[in-house]
Amino acid sequence: SWLAIITAAISFFILPITTRLLDGAEFGAFARLMAFTLFISIGVRMGSNQALLVLLNKSRTDEEIVTKYNSAIFTTLLMGGLMTLIVLFLRLMNVIESWYYFALPFAVIEALNGLKLTYYRYSDNSKLYLLQTLLSQLLVVLFVSILVYFFPFAEMRLSAMTLAYLIVHIVFLKKTPKFSGVRLSKVKPFMQFGGWLAIQWLINEFMNWFLIEEIAEISGDVSSGRWSILKTLFYTLPGLCIVTFELIFIDIFYKVKLKEFKSKSKKFSILVLLTLTVYSIIAYNLDEYLILIITGNSEFIRVDYWSTYLLISVYFRFFIFIPLYSLYKAEKTFFVFLSYLLSYMLPIILYYYLNNDPALWLFLVPTILLNITLRIFDVKIKLSV
């Protein structure tokens, strides 16, 4: 969505600010906290945003719209309670530290804001959609800059982000249907539609969190901060080209046959690949200079293969589009979940057996395997039809 593009752009914009306000270890601690927060956020959402958009399109009356919107909110609050219990259990087992509690309020508030944006998108209210998105991200920049300047701690940056989303949520509260109690049975459609998708992304975000925790345990928080910075520069930033491609062509993909889609998107596909190639060449040869210019901190410079892994992964991220959305189009989300599960299980086993380079085994290899497994299941579904 456009929210993803704006959020990624803001994250890149705010990076030079926080790397100069936080020391290397504290920035690495924030990277660990944020990876855990994204994992919790997926659990809180439980696919409710995607389910709401689909279910609203099937609504015929205003009463149905309000009921389904309220059901989505109830699902989010219910899952927020469940994720709270999970976080408490992880803390009790000493898997996480107590400051990881800061992930919970952000996850819930951000999910509720996401539901409002979905509602605006359904009601074709692009002005409110853009206004809420831009306001929330501008407040994030403002609050993070001010609060982290006075309190240079990892959890303070996340608290600043939570405060920004909370203010926006309150300001726009009257622009959406009033929340009222709903029956537990109304949650079932959201779980049925979004369940496999949520578990799929839970696996993905768990691996991201697990990876950065492994890096921190092996090399320290400065290294986890380095991984976060490199991922922003060499994966998230060039990945915006791919997200833009998906936004432009996803509706066409659902409406036409694969051969016609490839014909319509061919020129744009070539342009995206050329852009990624040019960026990769420049970024690979100037990685140390880019890190120093963006962060202003030489602590994040060292010799490793991480930038190469990330740049290769971007290409695999691009080629995942057709097999992934073919399975979505066929409503075979279970096979998407299974692809993620299989693609991560084998690398984890190999990583523990070989005990070297977590970035290779827990990031690059799963990305490659995911492309393979998705294509296998896609072909299997087409042959069975």
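Modeller: One term before we start: contact here means heavy atoms within 4.5 Å. Keep in mind, too, that this is a predicted model. With that, take W209: leaving aside neighbours within four places in sequence, W209 is in contact with R32, A35, F36, F39, V95, I96 and Y100. W209 also belongs to the largest nonpolar core, which has 106 residues, and is listed with F36, I40, M161 and W227 as having the most contacts inside that core.

Now step along to N94, which sits in the loop between α4 (62-92) and α5 (103-122). N94 counts as exposed because its relative accessible area is 61%, over the 50% cut-off. The phi of N94 is near 60°, positive in a residue other than glycine. Most residues other than glycine have a negative phi. D357 does something along those lines, with a positive phi of about 45° though it isn't a glycine; D357 lies in the loop between α14 (333-354) and α15, and is partly exposed at 26% relative accessibility.

Helix α15 covers residues 358-384 and holds T367. T367 is buried, since its relative accessibility is 14% and the limit is 20%. Its side chain reaches the backbone oxygen of F363 at 2.7 Å, and T367 touches S313 and F316, not counting residues up to four places away.

For some nonpolar surface, look at the patch formed by L142, I146, Y149, F150, F151 and F153, with about 650 Å² of accessible area together. F150 is in helix α6 (residues 126-150) and is exposed, at 57% relative accessible area.

Notes. Residues numbered from 1 in each chain as written. Predicted model: local features only at pLDDT ≥ 70, side-chain atom pairs only at ≥ 80, totals over all residues. Heavy atoms only, no water. Core = buried A, V, L, I, M, F, W, Y, C linked by side-chain atoms within 4.5 Å. Buried < 20%, exposed > 50% of the residue type's maximum accessible area, 1.4 Å probe, protein only. Helix = DSSP H or I, 4+ residues; strand = E, 2+ residues; numbered from the N terminus. Polar contact = N/O pair within 3.5 Å; in protein donor to acceptor, adjacent residues only side chain to side chain. Patch = residues over 30% accessible without salt bridge, like charges linked within 9 Å, V, L, I, M, F, W, Y side chains within 5 Å. Areas by Shrake-Rupley, 256 points an atom, 1.4 Å probe, with all protein chains shown as cover. Salt bridge = Lys/Arg side-chain N within 4 Å of Asp/Glu carboxyl O.
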